[in-house]
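The sequence and coordinates come first.

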Amino acid sequence: MITELLNRTKGLTLADLAKNHSVDVLLNHTVEELGEFAKARSVEQGIKNASLTESTREEAVDVVICALSLFYASGGDDEFLAEYGLKKLKKWEQRLQ
């Protein structure tokens with residue numbers, strides 16, 4: 001299933017870019033989704049009183065999809081994502097030790 005998610009995200013990103021949407025548009029969507037995550041977190045923590053249409057977990061998926069879209073729009077591919085991602089995770093892991 002994760003491969004399907006990655007493939008569909010890449011395909012939709014490239015289709016979106018082909019319709020003259022720019023990386024700036026994708027970036028704006030990413031920032032909007034991150035804001036929606038922040039709002040949901042505030043509501044779930046009781047800091048803010050508002051109605052939610054999606055939980056933080058659901059909003060986080062939106063953020064991930066948008067971030068992947070930026071990655072693919074920047075010429076990224078799955079192999080680089082895995083290689084560089086593992087390198088970054090190793091750095092994070094070392095920081096925790």
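## Asp62 and its contacts

Asp62 is located in helix H3. The model described here is a predicted one. Leaving aside residues up to four places away in sequence, Asp62 touches Glu33 and Glu54. Asp62 and Glu33 are 29 residues apart along the chain, and their C-alpha atoms are separated by 6.3 Å.

## Packing of H2 against H3

Two packed helices are described by the angle between their axes and the distance between the axes. For helix H2 (residues 23-44) and helix H3 (residues 56-73), the angle is about 160° and the axes are 9 Å apart. Angles over 145 degrees count as roughly antiparallel, and H2 and H3 are therefore roughly antiparallel to each other. The crossing in which H2 passes H3 is left-handed.

On the H2 side, the contact is made by Val23, Leu26, Leu27, His29, Thr30, Glu33, Leu34, Glu36, Phe37, Ala40, Arg41 and Glu44. On the H3 side, the contributing residues are Thr56, Glu59, Ala60, Asp62, Val63, Cys66, Ala67, Ser69, Leu70 and Ala73. By class, the residues of this contact of H2 with H3 comprise 12 nonpolar, 4 polar and 6 charged.

## Packing of H1 against H3

At what angle do the axes of H1 and H3 cross? They cross at roughly 60° and come within 9 Å. H1 passes H3 in a right-handed crossing.

From H1, the residues Leu5, Leu6, Thr9, Lys10, Thr13 and Leu17 meet Ile65, Leu68, Ser69, Tyr72 and Ala73 of H3. The contact of H1 with H3 divides into 7 nonpolar residues, 3 polar and 1 charged.

## The largest pocket

The volume of the largest pocket is about 220 Å³. Its lining consists of 14 residues, and those nearest the centre of the pocket are Thr9, Thr13, Ile65, Cys66 and Ser69. Helix H1 (2-18), H2 and H3 are the elements that give two or more residues to this lining.

Which helix supplies the largest share of the lining of the largest pocket? H1 does, with 7 residues. By class, the lining divides into 5 nonpolar, 5 polar and 4 charged residues.

Note on methods: Residues are numbered from 1 along each chain as its sequence is written. This is a predicted model: local features need pLDDT of at least 70, side-chain atom pairs count only at pLDDT 80 or more; totals for chains, interfaces and linings use all residues. Side-chain values use heavy atoms; hydrogens and water are left out. Axes are lines fitted to C-alpha atoms, for helices over the stretch in contact, and angles run from 0 to 180 degrees between N-to-C directions. Helices (H or I, at least four residues) and strands (E, at least two) are DSSP runs, numbered from the N terminus. Angles under 35 degrees count as roughly parallel, over 145 as roughly antiparallel, 65 to 115 as roughly perpendicular and the rest as oblique. A crossing is left-handed if the near helix is turned anticlockwise from the far one by less than a right angle, and right-handed if clockwise. Contact means heavy atoms within 4.5 Å. Ala, Val, Leu, Ile, Met, Phe, Trp, Tyr, Cys and Pro count as nonpolar, Asp, Glu, Lys and Arg as charged, and the others, Gly among them, as polar. On a 1 Å grid over the protein atoms alone, a cavity is a set of points where a 1.4 Å probe fits but cannot get out, and a pocket is an open set with protein on both sides within 12 Å along at least five of seven lines; lining residues have an atom within 4 Å of a point. Grid points are joined across faces, edges and corners, and a volume is the space filled by probe spheres set on the points.
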